[in-house]
Amino acid sequence: MNIKEIRAQFPLINNQNIVYLDNAATTQKPHCVIDAFSEFYCNFNANPMRGIYDLSVAATDAYENVREQTAGFVNAKDPSEIIFTRNATESLNLTANILSGTLKEGDEILVATSEHHSNFLPWKRIADNKRLKIKYLDCDSEGEYSVESLKEALSEGTKVFAIATVSNVIGRVNPIREFAKICHANNTLICVDATQSVAHMKTNVIEDDVDFLAFSAHKMYGPMGVGILYGKKELLEKLPPFLEGGEMIEYVSKEKTIYADLPQKYEAGTVNAADVYAFGKAMEYVKKIGFEEIGERERLLTGYLFDGMKNTDNIRIIGAKDSAEHNCIVSFAVDDVHPHDVASIFADSGICIRAGHHCAQPLHILLGIPSTVRASLAFYNTKEEIDFFIKVLSEIRSRMGY
Ligand SMILES: *Cc1c(COP(=O)(O)O)cnc(C)c1O
């Protein structure tokens, strides 16, 4: 991987004197994604699906081609299993909402405690509204979920299990394929939040046999404003719509509504065609580099970051003790220093990292730490940036007067 050439594609990190280590919050965008907006608005802008004139057809094609491309990207059987939303949060809310009608009092939902609030709160809400039982699956102190604990937590009444491929705090990959098998043997659906894994490793909804899978384009070099939901066709076909309005119907009268087929049933109103078009460019870009190359470089960088932190005094790393279990994410605490002070010292040095509970407060409560600092990588980061990060990290306590 020619890192100079790669960085030249990302104007923000290339032109500004910053070290960007907040990739788990959002990634930077390459030129091909940035240029895609003007490409779309200069060449294809019309309301997709509405007109039969050439321009509307071109807009529809630009949009629908990305749906096909997305199906290929996650290895879905059929493009109609791909629904575009605003972000992962909306995809997960949509899933919980459309499933809620199939659940009845006494049914159970199981949610992994380390979930981002986006895959936690929607389930809690439908559980409250429909008087469902909600149970939480705890990880151990290193963030690991065991197959045994899942088997024990499932009961006959468990209808849905919600878990991420990779936690945005811990960075460990969960054994989704094994979990899906166990869930299906119990007639439990599995809803997977893949937001932290899609940019770093291959997604394969068929091999993993997941029922729903959600992510955001903006955490994989694409634009903000596009979320993706994959859902198995046989499920989406029989579930009700989430939002209602234009373009999601076949027929409407005062007496009767017939909903449109998939995927239109789930895409009410004018779609975010330009952003979806730009998301297509992001997938193309990632595919061109390839997940093998990306994975190899990111493992190297993660190991380098992890070792540097491990060798720094008074740092407590959250999660696994082995860098191989941290996929681009290392969350930590500095003894005696509040995470917000840590982040602000980094900010003064031009290093962008995140402090807080990272929208995963139940996990922090489980681990007994109110908040953490998180450094998160992408393949465009460099060892020099990590060296600088470690240097500032090693000075934090003395800068705070310890
Ligand atoms: C960022 C994130 C989300 C939410 O993504 P949005 O784009 O803000 O909707 C959900 N889950 C995980 C694991 C995340 O990292």
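Polar contacts across the interface of domain 1 and domain 2 come to 14 residue pairs, both residues at pLDDT 80 or more. A polar contact here is a pair of N or O atoms within 3.5 Å; within protein, one must be able to donate a hydrogen and the other to accept it, and residues adjacent in sequence count only if both atoms are side-chain atoms.

A word on the source. This is a predicted model, where local features need pLDDT of at least 70, side-chain atom pairs count only at pLDDT 80 or more, and totals for chains, interfaces and linings use all residues. Residues are numbered from 1 along each chain as its sequence is written, and side-chain values use heavy atoms, with hydrogens and water left out.

Domain 1 is 3-21 + 290-399 and domain 2 is 33-287, with bounds from an automatic or database domain assignment. Their centres, taken over C-alpha atoms, are 28 Å apart.

Now, where does the largest cavity lie? Both domains give residues to its lining, so the largest cavity lies between them. A cavity is a set of points on a 1 Å grid over the protein atoms alone where a 1.4 Å probe fits but cannot get out, and lining residues have an atom within 4 Å of a point. Of the 13 lining residues, the closest to the centre are Asn23, Ala24, Gln196, His200 and Leu377.

Conventions. 1 Å grid on protein atoms, 1.4 Å probe; cavity = no way out; pocket = protein on both sides within 12 Å on 5 of 7 lines; lining within 4 Å.
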